[in-house]
Amino acid sequence: MEAKKENYFYAEKPVGQLLSRRDFLKAAGVSVSAIAISGYVVTDIVQKRKSYIALRQQGLYKDDKRLQKANLTGSHQNASCLKVYQDMGTKPMGEVAEQLLHTKTYVDRSNLLMQGAHHG
Amino acid sequence: MSEVSKVRTFPPSKESWGGDAAFDGTHRKGELRGIIKINQDNCVGCDTCTAFCPTEAIKGTLGVAHAISTNQCVACGQCLVNCPFGAIEQMSFVDIVMEKLADPKAFVVAHPSPAVRVSIAEEFGGKPGDLTVNRLYNAFEKAGFHNYDVNFAADQTILEEGTEFIKKVRYWVLGERGEDLEHVAHHPLPHFTSCCPAWVKNAETFHPELIPHISGAKSPIQMGGPLAKTWAAEFVWKKDPRDIYMVSVTPCTAKIFEASRPEFNSAYEYLKENNKIPQDTPSFQDIDAVLTARDAAEIFRRKGINPLTLPDEREMETMNVYTGAATIFGASGGVMEAALRTAYFILSGTELSNPDITLVRGYEQDIVEATIPVPLKALNGKVINVKVAVVNGASRNIKEIVKRLTDDKNQYHFVEVMNCPGGCVNGGGQPVRTMGTSWLHPLLPLPLRA
């Protein structure tokens with residue numbers, strides 16, 4: 001038995017005058033890189049969008065560290081606050097503190113919405 | 001790269017405080033409404049803002065000019081700082097404050113919030129996070145203000161709110177009873193923070209069932225107002241409280257609303273009760289005007305002041321003393337961390353070995369949970385685990401936290417809520433970043449850039 005022999009033959013098909021196969025590859029390559037680069041730029045902008053939040057937070061934690069070094073870490077170490085209680089003759093949640101520094105007025109605004117409604 | 005864009009403003013009109021009716025929709029008489037407005041001529045209907053609104057208050061679909069429902073709006077300004085086209089405008093008190101500064105009889109006080117000291121530099125070419133403390137005080141002084149740092153009042157808030165939280169723990173966790181705990185019997189855990197005015201209005205409007213859980217301690221600014229007109233007037237400045245004009249300088253637009261809440265005239269009530277002012281004095285608010293960080297920068301510009309060129313030195317004054325706990329209020333998780341530092345000290349009798357509770361920090365996670373073991377001095381070192389949660393941005397997370405508490409109301413002792421993702425540093429009154437918030441800006445062709 002004789003092995004079946006196949007002859008392969010391939011010739012580049014003549015593509016119209018507009019775009020040869022090689023030209024198409026070039027054009028495709030250029031467009032892909034254009035899309036990739038602009039996609040990267042947009043992603044970069046989107047990612048940087050929030051960086052200012054982190055930077056401002058870091059500014060506050062830097063301030064915190066500065067004050068911790070001065071032995072001002074927790075609010076109970078603030079001498080001015082203690083002076084307020086002393087001068088006003090009160091303490092945290094004392095009578096005067098309740099009157100000036102606390103509120104009992106949170107309003108049920110959903111209720112207000114309903115009061116505003118009418119049947120007409 | 002590091003530019004900020006200009007935000008259009010408008011002065012309050014007569015209608016801004018409402019008519020004579022006791023209530024109008026969700027607003028009471030005298031409360032400011034319409035603080036944030038979408039300019040119908042400039043809105044292109046891109047629909048970016050709706051995703052940032054915590055209460056779904058913005059009406060309109062893609063391609064249609066949007067509008068804000070006054071009744072649903074909590075005035076947080078997140079839509080404004082995130083609008084890619086600068087079409088959203090803010091009510092501003094710049095002209096009113098400028099007039100007061102020109103009045104020789106008025107004792108005008110600047111009351112700057114923590115987050116303003118890390119953002120105002122951006123309005124003068126600095127970078128986000130540039131720390132301006134003494135330079136800011138000096139700038140205010142040059143502009144004709146006296147200084148009273150909100151951070152000082154924030155320490156006061158922690159002492160009040162921390163005491164309140166400890167009482168709640170004693171009553172609800174340790175089962176103690178007593179006369180001094182009667183008050184908290186009606187305020188069960190979980191304890192919610194009250195510093196964020198947008199969150200408070202959100203809860204009042206959409207989750208009234210949470211009202212008894214919200215701390216009765218006022219926000220730092222609203223503690224500063226009455227303290228300025230009572231304590232500082234008498235013991236520090238030695239001034240007639242009626243001449244004191246309190247201007248809070250905030251990263252926030254919801255604070256404009258908060259200052260107009262009718263019950264926030266407690267200095268007036270106190271002074272009248274104690275015969276320190278004549279009985280026929282007309283009522284005045286604790287905070288007379290609110291400026292955003294952008295507004296304060298505008299005042300500096302009008303007066304030809306650049307805070308960045310001023311000396312960074314100053315003697316420490318009583319009115320500007322504050323701790324690290326106070327300054328971190330401006331970052332998400334900060335109120336929690338500050339409260340824990342003091343609550344831990346009071347409950348355990350010792351300072352936290354490491355005061356940096358980094359677990360609750362950050363800006364990318366929606367809800368952060370942590371458990372802090374606290375040994376109790378009164379119970380010979382018995383340890384309780386304080387379970388806390390930080391809600392970082394209201395727009396997606398309020399529903400989730402309510403859902404979790406519906407499932408198990410005991411899963412947290414303390415919940416901090418910040419309307420704006422990242423906390424006040426990202427507030428609606430902060431400088432608007434072209435590279436940050438208004439992020440389409442660099443993609444626009446030059447002639448279209450505002």
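Trainee: How many salt bridges cross the interface of domain 2 of chain B and domain 3 of chain B?
Mentor: The rule finds 1 in this predicted model. A salt bridge here is a side-chain nitrogen of Lys or Arg within 4 Å of a carboxyl oxygen of Asp or Glu.

Trainee: Which residue does B:Glu204 pair with in a salt bridge?
Mentor: B:Arg261. Their closest N and O atoms are 2.8 Å apart.

Trainee: Where do those domains run?
Mentor: Domain 2 of chain B covers 94-152 + 220-320, and domain 3 covers 156-217 + 324-426. The bounds come from an automatic or database domain assignment.

Trainee: How much area do they bury between them?
Mentor: About 1300 Å², 67% of it on carbon and sulfur atoms. Buried area is the accessible area (1.4 Å probe) that two parts lose on being put together, summed over both.

Trainee: Switching topic. What about chain A and chain B?
Mentor: They bury about 6600 Å². A:Arg56, A:Tyr106 and A:Arg109 supply 13% of the area chain A buries there, more than any other three residues.

Trainee: How many salt bridges there?
Mentor: The count is 6. A:Arg109 forms a salt bridge with B:Glu31, with closest N and O atoms 2.9 Å apart.

Terms used
Residues are numbered from 1 along each chain as its sequence is written. Chains are lettered from A and ligands numbered from 1 in the order in which they are written. This is a predicted model: local features need pLDDT of at least 70, side-chain atom pairs count only at pLDDT 80 or more; totals for chains, interfaces and linings use all residues. Side-chain values use heavy atoms; hydrogens and water are left out.
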